[in-house]
Amino acid sequence: MTLANKGYSMKRQKIITKKDLLRNFIVTFICLLFATILSYMMHILGGYTNNVGIIYMMAVVLISRYSSGYIPGVIASIISVICVNFVFTYPYMAFNFIMEGYPVTFIALLIISSITSATTTHLKEQSRILNEREKMLMEAEKEALRANLLRAISHDLRTPLTGIIGASSTYLENSDTMSETEKTSLVSNIREDANWLLNMVENLLSVTRIRDTGAQVLKRLEPLEEVASEAIERFHKRLPGSIVRVTVPDELVMVPMDATLIEQVIINLLENAVYHSNSTDSISLLIFVQDGYAWFQVRDNGVGISPERLETLFDGYTSSPNSSYDSHKGMGIGLSICKAIVTAHDGKITAANEEHGAVFTFTLPLGENAYE
């Protein structure tokens with residue numbers, strides 16, 4: 001930081017301090033003024049002077065709550081004791097600390113007011129510290145998510161790009177000696193990797209939408225059956241040879257969601273099942289309603305997920321490919337985006353192994369007016 005910047009920072013701190021002092025003075029003056037007016041009205045109307053001390057203690061609590069630091073509360077405590085003695089204690093409009101019981105009463109009032117002020121200020125400071133820590137934790141989580149996404153992108157981009165470059169180079173260098181079957185196979189591989197990259201771009205656009213709106217999504221009531229149908233249609237355009245068995249509720253169920261984003265989650269989970277299950281069997285998509293939530297389950301009949309990966313599966317980064325469920329391409333960013341979308345909908349997403357294959361489950365709260 002330069003000297004000019006330091007000077008500007010110190011000057012800004014002084015301005016803030018002056019504002020705090022002015023605010024402390026205004027809060028203290030207003031609270032004590034209202035306490036005095038209320039006490040004087042009670043004194044004139046009914047002579048309820050026993051409640052005057054309580055009124056001033058309430059004023060001290062308010063001053064401690066809405067002022068900065070301990071000093072305003074302490075000053076308010078001293079002023080309150082003086083006002084109670086001078087204005088509302090016999091002989092009125094005169095100090096008298098020597099009458100029987102008065103010293104103990106006023107000392108107790110001063111101590112109670114001071115302790116109340118200190119306690120209130122301390123609680124307010126603790127609340128401020130907790131809020132700052134919460135903000136720091138949120139920022140740390142955002143940084144961790146950003147780092148995981150960057151690692152996932154670098155990992156997931158490398159595989160399809162390497163495949164596209166290798167296949168295209170082979171085609172260009174050996175096109176004269178290759179058979180039509182070999183050429184078709186290379187072009188098919190290029191198309192598959194290009195589709196994978198397209199899917200990744202859509203994922204990145206999805207997470208950008210969520211971040212641009214502060215992790216808030218625009219929810220509208222959408223029918224479960226239509227969302228599932230649209231997701232399956234988009235999925236079959238990418239992988240036309242895959243078989244998906246879909247089960248949806250018989251009744252019409254409306255769920256608040258961003259349909260495009262939830263379709264993206266379903267597509268990601270279905271593609272993961274195709275690419276990483278190491279199985280050509282059909283995939284099942286089961287949608288049902290239970291306990292106030294819409295449940296989505298994607299099951300495959302593959303090799304399952306390695307147990308050590310279950311806890312970090314949605315972190316957005318695959319350190320190295322293995323033979324268990326992620327040998328084709330890294331699941332990385334796809335599952336990370338799924339978690340971000342489901343969390344933005346106030347839902348949860350989990351993964352588990354079954355006797356034959358793996359199952360991914362995510363939930364969405366139904367809200368009100370779910371059934372039509």
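The model is predicted: local features need pLDDT of at least 70 and side-chain atom pairs count only at pLDDT 80 or more, while totals for chains, interfaces and linings use all residues. Residues are numbered from 1 along each chain as its sequence is written, and side-chain values use heavy atoms, with hydrogens and water left out.

**Overall content**

The chain holds eight helices and seven strands. Helices (H or I, at least four residues) and strands (E, at least two) are DSSP runs, numbered from the N terminus. Of the 372 residues in the chain, 38% are buried. Here buried means under 20% relative accessible area, exposed means over 50%, and partly exposed is in between, with a 1.4 Å probe and protein chains only. Contacts are counted where heavy atoms lie within 4.5 Å. Among contacts between residues at least 6 apart in sequence, 71% join residues at least 24 apart.

**The sheet**

Five strands make up an open sheet of mixed pairing, in the order S2-S4-S5-S7-S6. Strand S2 (244-247) and strand S6 (349-353) each have a single partner strand and stand at the edges, so one side of each lacks a neighbour in the sheet. On average, neighbouring strands of this sheet are turned by 15° against each other, direction ignored. Two strands count as paired if DSSP finds at least two bridges between them.

| Strand pair | Sense | Bridges | A bridge pair |
|---|---|---|---|
| S5 and S7 | antiparallel | seven | Gln 297 and Thr 361 |
| S6 and S7 | antiparallel | five | Ala 352 and Val 359 |

S6 and S7 form a hairpin with four residues between them, and Gly 357 in the turn has a positive phi of about 95°. S7 is mostly covered, with seven of its eight residues buried.

**Helices across the sheet**

Axes are lines fitted to C-alpha atoms, for helices over the stretch in contact, and angles run from 0 to 180 degrees between N-to-C directions. Helix H6 (residues 224-238) lies across S2, S4 and strand S5 (293-299), and runs at about 165° to S4. Helix H7 (residues 259-276) lies across S2, S4, S5 and strand S7 (358-365), and its angle to S7 is about 175°.

Ser 229 is part of helix H6. Its relative accessibility is 44%, so Ser 229 counts as partly exposed. Ser 229 and Val 248 are 19 residues apart in sequence, and their C-alpha atoms are 9.9 Å apart.

Ser 68 sits in the loop between helix H2 (52-66) and helix H3 (71-87). Ser 68 is likewise partly exposed, at 32% relative accessibility. Leaving aside residues up to four places away in sequence, Ser 68 touches Asp 20, Arg 23, Asn 24 and Lys 124. The C-alpha atom of Ser 68 is separated by 9.2 Å from that of Glu 125, 57 residues apart along the chain.

**Cysteines**

A disulfide is taken as a pair of cysteine sulfur atoms within 2.5 Å, and a search of the whole structure finds zero of them. Cys 31 is buried at 16% relative accessible area. Cys 338 is also buried, with a value of 0%.

**Cavities**

A cavity is a set of points, on a 1 Å grid over the protein atoms alone, where a 1.4 Å probe fits but cannot get out; lining residues have an atom within 4 Å of a point. Grid points are joined across faces, edges and corners, and a volume is the space filled by probe spheres set on the points. The structure holds two cavities of 30 Å³ or more. The second largest cavity has a volume of about 40 Å³. Its lining consists of Leu 224, Glu 225, Val 248, Pro 249, Glu 251, Leu 252 and Val 253.

Conventions. On a 1 Å grid over the protein atoms alone, a cavity is a set of points where a 1.4 Å probe fits but cannot get out, and a pocket is an open set with protein on both sides within 12 Å along at least five of seven lines; lining residues have an atom within 4 Å of a point.
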